[in-house]
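Here is a colleague's note on this model. Please read it with the structure open.

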Amino acid sequence: MSKVKYYYDPETLSYRKIERKKRRTAKYISMFVLASALFGFVFVFIASQYIESPKERALKRELANMQLQYELLNKKMDEAQSVLANIEERDNNIYRLYFEANPIPEEQRKAGFGGINRYKTLEGFDNSKLIIESNKRIDVLQKQIVIQSKSLDEIAKLAEEKEKLLSSIPAIQPVSNEDLTRMASGYGMRTDPFTKARKMHWGMDFTAPRGTPVYASGDGVITRADSNSSGYGRHIRIDHGYGYVSLYAHLYKYNVRRNQKVKRGDLIGFVGSTGRSEAPHLHYEVFKDDQRINPINFYYGSLSAEEFDELLKHASMENQSLD
């Protein structure tokens, strides 16, 4: 119960009860409420500036974690960029060089993206710069990977073609060393066995007994297996592709037919002495782009270094040919 207050009235010489007016009471209450509200507002404002709410702390942790993840992502992109740069260097300076392909220019590998602003939707945020730069790096990295992937596809095709070329080149001796009697005559000026005049001998003569196996010196297709070419007697011609053709003359008999595909080392015929021949032997020629070339340059696939040196010595002797 509130206290009752009195005042002394000198006119009546008595105490009178103080009556509080309702308007004044309402005024006091309004002032109290307003002061309380103002104090509350000031307190909340100060607290919001210096005291973090649980939600704000959670958002701040989430933001810090996001920044950390972006930094880790950029480090991973740095590592990926380093690995890709190493692959690009080998691609340009080893793979493409070996297969005689033009290197891919650096500006083509690392070109950006022109035209419209691809990152407009990422602008206007507190960390827009970080997000945009990361997205740019990812886009450029993806483009580099696509270019490198296409380059490796091209290299794979070139390697396949190179493997096919290496298999097609006439690269082995057509008669095994074990079956040879001797290396009779090489490529160059030689004495003709019939006229005794010096003339160009366009191939190599391998002396061997009649019936000795003759092998294809490279992959290819049999274009001729007949005796309709003057002087060669029964002979075989193999088209190896890439401008290479090999010829095997004075055969005893064939083991292949026209248009048949053969692999290097396949048995195609047997040594004989048909045509313009003085004794059983194989006359062997190699053509490149319709020009006869020295077959001795193509025996890397079957002879050791010592065997090749011995063959080269005998082939260089200006003796008498057998055809």
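1. **Pairing of β6 and β14.** Strand β6 (residues 204-207) runs antiparallel to β14, and four bridges join them. M204 has Y284 of β14 as its bridge partner. Strands pair here if DSSP finds at least two bridges between them. Helices (H or I, at least four residues) and strands (E, at least two) are DSSP runs, numbered from the N terminus.

2. **Basis of the model.** This is a predicted model: local features need pLDDT of at least 70, side-chain atom pairs count only at pLDDT 80 or more, and totals for chains, interfaces and linings use all residues. Residues are numbered from 1 along each chain as its sequence is written, and side-chain values use heavy atoms, with hydrogens and water left out.

3. **Other partners of β14.** Strand β10 (residues 244-249) is joined to β14 by six bridges, again antiparallel. There, L247 has E285 of β14 as its bridge partner. Strand β15 (residues 291-293) is antiparallel to β14 too, with three bridges. F287 stands opposite R292 in β15.

4. **Cover of β14.** How many of the eight residues of strand β14 are buried? Seven are, so β14 (residues 281-288) is mostly covered. Buried means under 20% relative accessible area, exposed over 50%, and partly exposed in between (1.4 Å probe, protein chains only). E285 counts as buried because its relative accessibility is 2%.

5. The structure holds five salt bridges. The term means a side-chain nitrogen of Lys or Arg within 4 Å of a carboxyl oxygen of Asp or Glu. One of them joins E285 and R292, with the closest N and O atoms 3.0 Å apart. R292 is partly exposed, at 31% relative accessibility. D289 and K288 also meet through their side chains, at 3.0 Å from N to O. K288 is partly exposed at 25%, and D289 is partly exposed at 48%. The hairpin of β14 and β15 has two residues between the strands, and D289 takes a positive phi near 55 degrees in it.

6. R137 forms a salt bridge with D78, and the closest N and O atoms are 2.5 Å apart. R137 lies in helix α4 and D78 in helix α2 (residues 54-98), so the pair ties together parts that are 59 residues apart in sequence. R137 is partly exposed at 29% relative accessibility. D78 is partly exposed at 42%.

7. Helix α4 spans residues 128-168 and includes L130. L130 is partly exposed because its relative accessibility is 29%.

8. **Surface patches.** L38, F41, V42, F45 and I46 make a nonpolar surface patch of about 520 Å². F45 sits in helix α1 (residues 22-50) and is partly exposed at 49%. E178, E306, E307 and D309 form a negative surface patch. E307 belongs to helix α5 (residues 305-315) and is partly exposed at 35%. Patches are made of residues with over 30% relative accessible area and no salt bridge; like charges are joined within 9 Å, nonpolar side chains (Val, Leu, Ile, Met, Phe, Trp, Tyr) within 5 Å. Asp and Glu count as negative, Lys and Arg as positive; His and the chain ends are not counted. Areas come from the Shrake-Rupley method with a 1.4 Å probe.

Key. The place of a charge is taken as NZ of Lys, CZ of Arg, CG of Asp or CD of Glu.
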